[in-house]
Amino acid sequence: MRAQSSATAPSGIAVGGPTASTGGRSSGTLLAALGVVAFSLTFPATAWGLEGFGPWSLIAVRSILAAVIAGGCLLVLRVAPPERRHWAGLAVVGAGVVLGFPLLTTLALQTSTTAHAAVVVGLLPLTTALFSALRIGTRPSRTFWLAALAGAAAVIAFTVQQSGGALTSADAYLFAALLVCAAGYTEGGRLARVMPGWHVIGWALVLCLPLTVPMAAVALSFEPVHLTAHSVTGLLWVAAGSQFLGLVVWYRGMAAIGIPKASQLQLAQPLLTLVWSVLLLGEHLTVAAPLTAAAVLVCIAVTQRARG
């Protein structure tokens, strides 16, 4: 492979391939956990972004900004394009995590609270593990699956309780987002075994530019824009934090510890999202939060120790 295995880079960007030293499994877990923290801010930041942008404008502009960041890094570091056999997988990553999940969840957040939308994230670890088993042939242990199901059940019960137990018209968007994101995570994790994780998301973002640029032009001509501190901050975070930096460390972590185990760290993401929702959006949580947090942490510990 021509330039897929460079060792270091300026600006603190780790670009070593999955076969390079990542400090062991502990470092891989830390990287995946940092990705989860970055993703946990996505829904609150999207809610802020929607204060000044329409849903289509927000998705298109965030993807373009992220692609500019990623493309700039690829250009400065003179990273050669991936081999032809990897472009189909990159297209799946682009369709799932660059366009599909952000668009569907943004449309859902127009009528859904962040607490209700967190149902998607609660189911995402289990769905990603299932996609990994089907696509890559991973075979986690029975203990792993039982703990994963228990964690997913705990998160679903909590998030449904937070939304009052009622289903909304946004659910179709949310469950569709769940499927496309799991597919994108699985394919990205597979590619991160043969190229640096930031190359995966970087090229996926660049690959989507022929779609996102015309989309932005059309959307901005129809949807009004009201620039505020919240809307600009939300846009910048979902572009730089969620869409690029978060995925960089996430794919690197998945390559180090495996897709199933990394995916289970996301069981903590809905609870983190709810904490940010209280701090940033003024939403209120019930006393069930700490109980659910404890249950989820136990499930995470079990999945991380389970053999598979």
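Of the 63 residues in the largest nonpolar core of this predicted model, Val97, Tyr185, Ile201, Trp250 and Tyr251 touch the most other members. A nonpolar core is here a set of buried Ala, Val, Leu, Ile, Met, Phe, Trp, Tyr and Cys residues joined through side-chain atoms within 4.5 Å; buried means under 20% relative accessible area, exposed over 50% and partly exposed in between (1.4 Å probe, protein chains only). Helix H4 gives the largest share of this core, eight residues. Helices are DSSP runs (H or I, at least four residues), numbered from the N terminus. A second, separate core has six residues, among them Ala60, Leu103, Leu107 and Met215. Residues are numbered from 1 along each chain as its sequence is written. Because the model is predicted, local features need pLDDT of at least 70 and side-chain atom pairs count only at pLDDT 80 or more, while totals for chains, interfaces and linings use all residues; side-chain values use heavy atoms, with hydrogens and water left out.

Trp250 is in contact (heavy atoms within 4.5 Å) with Leu31, Ala32, Gly35, Val36, Phe39, Tyr185, Ala262, Ser263 and Gln266, leaving aside its neighbours within four places in sequence. Ring pairs also link Trp250 with Phe39 and Tyr185 into a cluster. Rings of Phe, Tyr and Trp (its six-membered ring) pair if their centres lie within 6.5 Å; planes under 30 degrees apart count as stacked, over 60 as edge-to-face and the rest as tilted. By this rule, the count of aromatic pairs is six. Phe39 and Tyr185 form a stacked pair, with 6.1 Å from centre to centre and 20 degrees between the planes. Phe39 lies in helix H1 (residues 24–40) and Tyr185 in helix H7 (residues 171–191), so this pair ties together parts that are 146 residues apart in sequence. Phe39 counts as buried at 6% relative accessibility, and Tyr185 counts as buried at 5%. An edge-to-face pair is formed by Phe144 and Trp145, at 5.7 Å centre to centre and 90 degrees between the planes. Phe144 is buried, with 2% relative accessibility.

The structure holds one cavity of 30 Å³ or more, and the volume of the largest cavity is about 170 Å³. On a 1 Å grid over the protein atoms alone, a cavity is a set of points where a 1.4 Å probe fits but cannot get out, and lining residues have an atom within 4 Å of a point. Grid points are joined across faces, edges and corners, and a volume is the space filled by probe spheres set on the points. The lining of the largest cavity comprises 17 residues, of which Phe39, Thr42, Phe101, Tyr185 and Ser242 lie nearest its centre. Among the helices that each supply at least two residues of this lining are H1, H7 and helix H10 (229–257).

Thr273, in helix H12, is buried at a relative accessible area of 1%. Apart from neighbours within four places in sequence, Thr273 is in contact with Ser40, Phe43 and Pro44. Thr292, in helix H13 (residues 288–305), is buried at 10%; with the neighbours within four places left aside, its contacts are Ala154, Phe158 and Leu271. Arg78, by contrast, is exposed, with a relative accessible area of 75%. Arg78 is found in the loop between helix H3 (55–76) and H4, and its phi is near 55 degrees, a positive value in a residue other than glycine.

Note on methods: On a 1 Å grid over the protein atoms alone, a cavity is a set of points where a 1.4 Å probe fits but cannot get out, and a pocket is an open set with protein on both sides within 12 Å along at least five of seven lines; lining residues have an atom within 4 Å of a point.
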